[in-house]
Amino acid sequence: MLRPLRLSQPTSVTEASAELARFGDEVKVYAGGTELILLLRLGLIHYTHLVDIKRIPDLGALAWDGTMMHIGGAVTHRHLERSAEVAEHLPLLQQATAMVANVRVRNVGTLGGNLCFGDPHSDPAPVLLVYDTRVKIGKHSGGRTVGLETFFMGLYETALEPDELLVELQVAPLPPGVGSAYLRAARFERPSLGVAVAAAQHDGQLIDVRLAVSCVGPVPMRLHALESRLEGATLVEGQRIVRQVQRHYEEVLQPVDDLHGSVAYKTYLTGVLLGRALAQAVGANGRE
Ligand SMILES: Cc1cc2nc3c(=O)[nH]c(=O)nc-3n(C[C@H](O)[C@H](O)[C@H](O)COP(=O)(O)OP(=O)(O)OC[C@H]3O[C@@H](n4cnc5c(N)ncnc54)[C@H](O)[C@@H]3O)c2cc1C
């Protein structure tokens, strides 16, 4: 059962943040509510106030400015999935978004909520990491912009202060000629493992390689050291490298044994999916 809650519906970020500051530990931001209301109903979290951010006009906006997409903090998965501009400029985000849950969840669940919840089992997170996404954060006394990599701080932990909101995601398309792929393994409702890859080939060598992995460890991550190793390799060499570096995945991603699989299984599958996604990204057959 839900306990009685006071709901405020501010119409600006300043007002919403002031409410968060005013009620401190007793208040939480409410977007689609797919995570929040479930946890409140189960009695796993307790708040007396919710700040509904869906009446803040900027947070519902989705706009292409000619160089990048601006995705408001309360834009739903469904809005993204159905947007012609997202399909044109950020096709990988559109693909990953369409894989989230089911239409009911995508209709109300927001991309901002997905990221702010900090669950590592996120489909859009690795894709947004590959797009080098920036996160605009707002509060009553100003704002700041951080890279998505620094936004994720730990399991269910983000860089947001209690009185801050995720206002907007700024996502630039991949450079011309760079292909991309998102692959996931899903045994339960949410993904058990997701990999996003962007890469191109020049004279038979891999260039502009970007790799990101979600679900394996506590936070979705870019694999920068591995990206550098793949630069200049052939596709076959690159696929061999990503298959071989399971120890590296263990050290960097910090997986644990859980319902989604053992550490050995997760690191093995990371290599397999990265190899396939690499091939897909450069337009080759996905199988080694
Ligand atoms: C049955 C089910 C299946 C799912 N399957 C998948 C899946 O396959 N893949 C996947 O990636 N995800 C999956 N999800 C997760 C889903 O993507 C998220 O539940 C959804 O996107 C969260 O958005 P929301 O708007 O409902 O967030 P809410 O529940 O409203 O909020 C979630 C958290 O984020 C905070 N928050 C929300 N917006 C902001 C903001 N703008 N600024 C600051 N804090 C904010 C809230 O305070 C709360 O702590 C699934 C969820 C469910 C319930």
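**Entry: L169**

I started at L169 and looked up its contacts (heavy atoms within 4.5 Å). Leaving aside neighbours within four places in sequence, L169 is in contact with M69, H70, I71, L111, L115, L128, T133, R134 and V135.

A note on what I'm looking at: this is a predicted model, where local features need pLDDT of at least 70 and side-chain atom pairs count only at pLDDT 80 or more, while totals for chains, interfaces and linings use all residues. Residues are numbered from 1 along each chain as its sequence is written, and side-chain values use heavy atoms, with hydrogens and water left out.

**Entry: the cores**

Next I looked up the largest nonpolar core. By nonpolar core I mean a set of buried Ala, Val, Leu, Ile, Met, Phe, Trp, Tyr and Cys residues joined through side-chain atoms within 4.5 Å. Buried means under 20% relative accessible area, exposed means over 50%, and partly exposed is in between (1.4 Å probe, protein chains only).

Which members of this core touch the most other members? Of its 36 residues, those are I71, L115, F151 and L169. I then listed the elements that give two or more residues to this core: strand 5 (69–72), helix 5 (91–98), helix 7, helix 8 (124–130), strand 6 (134–139), helix 9 (148–151), strand 10 and strand 12 (193–202). Helices here are DSSP runs of H or I with at least four residues, strands are runs of E with at least two, and both are numbered from the N terminus. Helix 8 brings the largest share of this core, 5 residues.

Apart from this core lies another one, of 29 residues, including V209, V245, A279 and A281.

**Entry: the ligand**

Which element gives the most to the shell?

A nitrogen atom of the ligand has a backbone N or O atom of L166 at 2.9 Å. The protein covers 94% of the 970 Å² of accessible area that the ligand has on its own. That area comes from the Shrake-Rupley method with a 1.4 Å probe; for residues, only the protein chains shown count as cover.

**Entry: S17**

S17 sits in helix 1 (residues 13–23). Is it buried or exposed? S17 counts as buried because its relative accessibility is 0%. Not counting residues up to four places away in sequence, S17 touches K139, H140 and D163. A polar atom of the S17 side chain lies 2.6 Å from the backbone oxygen of D163.

I found D119 in the loop between helix 7 and helix 8. At a relative accessible area of 10%, D119 is buried. Its side chain reaches the backbone nitrogen of H121 at 2.8 Å. Beyond four places in sequence, D119 touches Y156 and R190.

Y156 is partly exposed, at 45% relative accessibility. Its phi is near 55°, a positive value in a residue other than glycine. Most residues other than glycine have a negative phi.

**Entry: H260**

Last stop: H260, in the loop between helix 12 and helix 13. H260 is buried, since its relative accessible area is 14%. The side chains of H260 and S192 are joined by a polar contact of 2.7 Å.

Notes: A polar contact is a pair of N or O atoms within 3.5 Å; within protein, one must be able to donate a hydrogen and the other to accept it, and residues adjacent in sequence count only if both atoms are side-chain atoms.
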